[in-house]
Amino acid sequence: MESVPSEDLEQTRHSPVSAVPRVAQLPGTESAGSGAMGPTGRPLPHFPDPVPLTNHGPARIIAMCNQKGGVGKTTTTINLGAALAELGRKVLVIDFDPQGALSVGLGVNAQELDTTIYNLLVERGHEIHDVIQQTRTPNLDLVPANIDLSAAEVQLVGEVAREQILARVLRPVVDEYDVVLIDCQPSLGLLTVNALTAAHGVVIPLECEFFAMRGVALLIDTIDKITDRLNPRLQVDGILATMYDSRTLHSREVVRSVVDHFGEQVFHTVISRTVKFPDATLAAEPITSYSSEHSGANAYRQLARELIARGGAA
């Protein structure tokens, strides 16, 4: 059972019995609504439901990137993708990590597949439409990966324009989707450079832990170099605080420090630590369908609306 923050317990003790039931809020913002102070130390804006789309494409490509592992890249790719799909967006997620966690998290056993993203990168004659897998979530498709992808980095070293191979692979489907999310591996190697070269924007999931902050400056420097040398359109769509725990001073201080350093680049939405995320992964589905009313599901829905409002998605 998840523990209840002490401030919530205190509020419950002093609330009258006849009080109106509290509307579910974002994790970490239990007492905050639109216009109130959020966990990032800024007033929470109102992010309305976006206007429905009349047609699809061209897609905005977003790389989910952080060279530190375990910060929530795959969880965010799955659940942000599902939340965007709920809003009527047609979404393609790319598993670009040899560990294949994104594929597993969406119920696809990539080990049994003959062709994956690896084959699209290193072999001629494959068509991306033949590799795309439909998931159980409507409007959410997947390009899977498995351990074979770990060999791609070595095999691509001698290729001409090796940083632009993923962009070439994605070109045939860009007009068919509204958003393409790339789940990058935890490194700044050639695969990640490919993802950043193909992307229009970057979302940086950042664990609310002091050591997780140390690598962000290096990542921003890498993004700046790629923008200067390979992909002038690339921009940082936002830094997303993940694994937030409002009960700990450490989490709150890390978020404040990130906002002090990066200002409005930090999303207002924060993602709290909860056992529901690994539970949903075990069930091989997004939290938006596994536990639709949970605050974690609502947080990713809020993130999807915020990303669209910021112009990071259609």
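**Core contacts and sheet**

Phe-277 is buried, at a relative accessible area of 10%; buried means under 20% relative accessible area, exposed over 50%, and partly exposed in between, with a 1.4 Å probe and protein chains only. The model is predicted, so local features need pLDDT of at least 70 and side-chain atom pairs count only at pLDDT 80 or more, while totals for chains, interfaces and linings use all residues. Residues are numbered from 1 along each chain as its sequence is written, and side-chain values use heavy atoms, with hydrogens and water left out.

Phe-277 and Tyr-300 form an edge-to-face aromatic pair, 5.7 Å centre to centre with 80 degrees between the planes. Rings of Phe, Tyr and Trp (its six-membered ring) pair if their centres lie within 6.5 Å; planes under 30 degrees apart count as stacked, over 60 as edge-to-face and the rest as tilted. The pair links distant parts of the chain, with Phe-277 in helix H12 (residues 276–282) and Tyr-300 in helix H14, 23 residues apart. Helices (H or I, at least four residues) and strands (E, at least two) are DSSP runs, numbered from the N terminus. Tyr-300 is buried too, with a relative accessible area of 1%. The count of aromatic pairs comes to two; Phe-210 and Phe-211 make an edge-to-face pair at 5.5 Å and 70 degrees, and Phe-210 is partly exposed at 45% relative accessibility.

The sheet comes next. Eight strands form an open sheet of mixed pairing in the order E3-E4-E2-E5-E1-E6-E7-E8, where two strands pair if DSSP finds at least two bridges between them. Its edge strands are E3 (133–134) and E8 (266–272), each pairing on one side only.

Strand E2 (residues 91–96) has six of its six residues buried. Val-91, Val-93 and Asp-95 lie on one side, and Leu-92, Ile-94 and Phe-96 on the other. E2 pairs in the parallel sense with E4 (residues 140–143) over four bridges and with E5 (residues 179–184) over six bridges, also parallel. Ile-94 has Val-143 as its bridge partner in E4 and stands opposite Ile-182 in E5.

Strands E6 (residues 201–207) and E7 (residues 235–244) pair in the parallel sense over seven bridges. Helix H10 (residues 216–229) packs on the sheet and touches E6 and E7, its direction making about 175 degrees with that of E6. Contact means heavy atoms within 4.5 Å; axes are lines fitted to C-alpha atoms, for helices over the stretch in contact, and angles run from 0 to 180 degrees between N-to-C directions. Helix H14 (residues 295–309) lies across E1 (60–64), E7 and E8, at about 165 degrees to E8.

Salt bridges number nine; each is a side-chain nitrogen of Lys or Arg within 4 Å of a carboxyl oxygen of Asp or Glu. In one of them, Arg-60 and Asp-237 bring their closest N and O atoms to 2.6 Å. Arg-60 lies in strand E1 and Asp-237 in strand E7, so the pair ties together parts 177 residues apart in sequence. Arg-60 is buried at 15% relative accessibility, and Asp-237 is buried at 7%. Another joins Arg-273 to Glu-207, with the closest N and O atoms 3.8 Å apart. Salt bridges that share partners join Lys-68, Glu-207 and Arg-273 into one network.
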